Amino acid sequence: MAPARRATSTVERLRRLMEMLDDSTMTSEALIAAFLRPPIYSNAFARGLGTLYSAAYWPGEGRADFFWPGVSWSQSFADFTVGDRLIEFGASPPPPNNDTRGMDLREETSNEGR
């Protein structure tokens, strides 16, 4: 397996997505929950590979929902409310081979908008 695919879990993520799409009993709630767990969700922020957010779009209802573990934000297409959210992403797993050149996005995120 190529190093980039291994580092980003591309194959595992695709495999899980295909399994969920093939599951005729999959609900939208279960699908959204799966996007907030590995292998689809990644907390590898120190390596620049973390999941920033997931979104579900509901065109028939005229809204979009944005998700982070433990936090959600719904926006209406007709009455969009400008705003921001401060999300604490938590600890990242250590970089492979003790490579510490990765960027820690937690610090940048917590200082944004100040």
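This note goes through the predicted model point by point, from the overall fold to single contacts.

1. Basis. The model is predicted, so local features need pLDDT of at least 70 and side-chain atom pairs count only at pLDDT 80 or more, while totals for chains, interfaces and linings use all residues. Residues are numbered from 1 along each chain as its sequence is written, and side-chain values use heavy atoms, with hydrogens and water left out.

2. Fold. The protein chain has four helices and three strands, in the order α-α-α-β-β-β-α along the sequence. Helices (H or I, at least four residues) and strands (E, at least two) are DSSP runs, numbered from the N terminus. Of the 114 residues, 25% count as buried. Here buried means under 20% relative accessible area, exposed means over 50%, and partly exposed lies in between (1.4 Å probe, protein chains only).

3. Nonpolar core. The largest nonpolar core holds eight residues: Tyr 41, Phe 45, Ala 64, Phe 66, Trp 68, Trp 73, Ile 87 and Phe 89. Strand E2 gives the largest share of this core, three residues. A core of this kind is a set of buried Ala, Val, Leu, Ile, Met, Phe, Trp, Tyr and Cys residues joined through side-chain atoms within 4.5 Å. In soluble globular proteins, nonpolar side chains tend to be buried together.

4. Aromatic pairs. Two aromatic pairs are found in the whole structure. Rings of Phe, Tyr and Trp (its six-membered ring) pair if their centres lie within 6.5 Å; planes under 30 degrees apart count as stacked, over 60 as edge-to-face and the rest as tilted. The rings of Tyr 53 and Phe 66 have centres 5.9 Å apart and planes at 65 degrees, so this pair is edge-to-face. The pair links distant parts of the chain, 13 residues apart: Tyr 53 is in the loop between H3 and E1, and Phe 66 is in strand E2 (residues 63–68). The pair of Tyr 57 and Phe 66 is also edge-to-face, with 6.4 Å from centre to centre and 90 degrees between the planes.

5. Ring pairs link Tyr 53, Tyr 57 and Phe 66 into a cluster. Phe 66 is buried, with a relative accessible area of 18%. Tyr 53 is partly exposed at 46%, whereas Tyr 57 is exposed at 52%.

6. Charge over a ring. Arg 85 lies over the face of Trp 73, at 3.9 Å from the ring centre. The rule asks for NZ of Lys or CZ of Arg within 6 Å of the ring centre and within 35 degrees of the ring normal. Trp 73 is also one of the residues of the largest nonpolar core.

7. Salt-bridge network. Three salt bridges are counted, each being a side-chain nitrogen of Lys or Arg within 4 Å of a carboxyl oxygen of Asp or Glu. Glu 61, Arg 63 and Asp 65 are linked in a network. Arg 63 meets Glu 61 with the closest N and O atoms 2.8 Å apart, and meets Asp 65 at 2.1 Å, N to O. Asp 65 counts as buried, at 9% relative accessibility; Arg 63 is partly exposed at 25%, and Glu 61 is exposed at 53%.

8. Helix H2. Glu 19 and Arg 16 form a salt bridge (3.4 Å, N to O). The two residues are three apart in helix H2, and therefore separated by about one helical turn. Both are partly exposed, Glu 19 at 42% and Arg 16 at 27%. Leu 14 is also placed in helix H2 (residues 10–22). Leu 14, Met 18 and Leu 21 form a nonpolar surface patch with about 320 Å² of accessible area together. Patch residues have over 30% relative accessible area and no salt bridge; like charges are joined within 9 Å, nonpolar side chains (Val, Leu, Ile, Met, Phe, Trp, Tyr) within 5 Å. Accessible areas come from the Shrake-Rupley method with a 1.4 Å probe, and for residues only the protein chains shown count as cover.

9. Loop between H3 and E1. The peptide bond from Pro 38 to Pro 39 is cis, with omega near 10 degrees. Most peptide bonds are trans. Pro 39 is in the loop between helix H3 (28–34) and strand E1 (54–58). Arg 47 is found in the loop between H3 and E1 and is partly exposed at 27%. Arg 47 and Thr 8 are 39 residues apart in sequence and 9.7 Å apart in space, C-alpha to C-alpha.
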